[in-house]
Amino acid sequence: MSQLNWNDTVNLVSKLSFRRSWNGLKVLSSYYISKWFKNPVQWGLPISISFEPTTSCNLRCPECPSGLRAFTRPTGMLQKDFFKETIDQLHKELLYLVFYFQGEPYLNPQFLEMVKYASSKRIYTATSTNAHYLNDDNAKRTIESGLDRLIISIDGTTQEVYQQYRVGGHLDKVLEGTRNVVKWKKEMKSKTPFIVFQFLVVKPNEHQIEEVKKLATEIGVDDVWFKTAQVYDYEHDPNKLIPTMDKFSRYKKTGNGYEFKGKLANHCWRLWHDPVITWDGLVAPCCFDKDAQHKLGDLKQRSFKEIWENGEYRKFRTAILKGRKNIDICSNCSEGTKVWEKT
């Protein structure tokens, strides 16, 4: 582990309290008991949550519901007061908060204020961005917010390659935004955020894997992560995105096209520790339910604890333990396949 990765790990561990540690043990033990006995038991509250700042996005990526404008649920912005109310219910047990589900977080004008509020509760905060809105002011405010991890999607080292997946995007803006954050992090002598280039490996960019590593070093990015791409119609791959490098593909080629590599075992850690909350307060089981079709509760009507322990959650956990292959959002899930390759 590099020194920079070690510093990020130490920062995460520093957020632990006795209450959060005890909660984590309860959640983990209940998950294993459920897995072994095929009967859902849930102790404790989430260790991590993903909170959606917005469903809006400035790009039109071909395998993204935000980019395709393909949601059946409404587009909107997370409101700061609602966010604070929810965090106030969870912060004593909550260790990790991902400010991302769908959309571009920086489009929400209150986004960095919400990060600052979560940071004040000593919650580890992370977000993922296409970096088109990291102007000098936003870069400085990002450092001031206390954000712990900033994942920047790059997906190409030249404009020609970058725009093949990041449709409507401009690589020069991504690089300028990254440099702005690196600059302010140095000027303010801040240890955070841990800055990551995330490279979604697809067929058009797989030849640039070594180039993006060099680019990250030149700019001063802390790490590069390579992620496998989710392709919805993977049997036919109409957008020609599945890479030829097997290491970076969730799918394997067959005589009739492609098939999913995952084994889809009948259990899933996400259902016990890491729910998703949409901008308008719907609780979804995980980040693969992009359209929040499996609504497990509505925070505008009930508290999080009521939803977490209610019958709908229990039904979904039971379904996972009985037959994960029968659940639509699980059919293309990366759990059980290699997703990340870090430098």
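These are my notebook entries on a predicted model of one protein.

**Entry 1: confidence**

The mean pLDDT of the protein is 90, and 94% of the residues reach 70 or more. Over residues 336–343 the pLDDT stays under 50. For that stretch the model has 26 contacts beyond four places in sequence.

**Entry 2: a surface patch**

Next I looked at the outside. Leu-28, Tyr-32, Trp-36 and Phe-37 form a nonpolar patch on the surface. Together these residues have about 470 Å² of accessible area. I picked out Trp-36, which sits in helix α2, residues 18–37. Is Trp-36 buried or exposed? Its relative accessibility is 59%, and the cut-off for exposed is over 50%, so Trp-36 counts as exposed.

**Entry 3: salt bridges**

I looked up how many salt bridges the structure holds, and the number is 13. I went through some of them one by one.

The side chains of Arg-149 and Asp-8 meet in a salt bridge, with 2.6 Å from N to O. Arg-149 lies in strand β4 (residues 149–153) and Asp-8 in helix α1 (residues 3–14), so this pair ties together parts that are 141 residues apart in sequence. I checked the cover on each partner. Arg-149 has a relative accessible area of 12% and is buried. Asp-8 is also buried, at 7% relative accessibility.

Another salt bridge joins Glu-93 and Arg-19, whose closest N and O atoms are 2.8 Å apart. Which parts does this pair tie together? Glu-93 lies in the loop between α4 (80–90) and β2 (96–98), while Arg-19 lies in helix α2, so the parts tied together are 74 residues apart in sequence. Glu-93 counts as buried at 12% relative accessibility, whereas Arg-19 is partly exposed at 43%.

I also looked up Lys-121, which forms a salt bridge with Asp-88, the closest N and O atoms being 3.9 Å apart. Lys-121 is in the loop between α5 (111–120) and β3 (124–129), and Asp-88 is in helix α4. The pair links distant parts of the chain, 33 residues apart. Lys-121 is partly exposed at 24% relative accessibility, and Asp-88 is partly exposed at 39%.

I ended this entry with a network of salt bridges that links Glu-52, Arg-73 and Asp-291.

**Entry 4: strand β5**

I turned to strand β5, residues 194–201. How many of its residues are buried? I found 8 of the 8 buried, so β5 is largely enclosed by the rest of the structure.

I then sorted the residues by face. In a regular strand the side chains alternate between the two faces of the sheet. On one side of β5 are Phe-194, Val-196, Gln-198 and Leu-200. On the other are Ile-195, Phe-197, Phe-199 and Val-201. These residues are all buried, and both faces of β5 are covered.

Last, I looked up the pairing of β5. Strands β4 and β5 pair in the parallel sense over 5 bridges. Strand β6 (residues 223–228) also runs parallel to β5, joined to it by 6 bridges. Ile-151 stands opposite Val-196, and Val-196 stands opposite Asp-223 in β6.

How values were computed:
Residues numbered from 1 in each chain as written. Predicted model: local features only at pLDDT ≥ 70, side-chain atom pairs only at ≥ 80, totals over all residues. Heavy atoms only, no water. pLDDT = per-residue confidence, 0-100. Contact = heavy atoms within 4.5 Å. Patch = residues over 30% accessible without salt bridge, like charges linked within 9 Å, V, L, I, M, F, W, Y side chains within 5 Å. Areas by Shrake-Rupley, 256 points an atom, 1.4 Å probe, with all protein chains shown as cover. Salt bridge = Lys/Arg side-chain N within 4 Å of Asp/Glu carboxyl O. Helix = DSSP H or I, 4+ residues; strand = E, 2+ residues; numbered from the N terminus. Buried < 20%, exposed > 50% of the residue type's maximum accessible area, 1.4 Å probe, protein only. Pairing = 2+ DSSP bridges.
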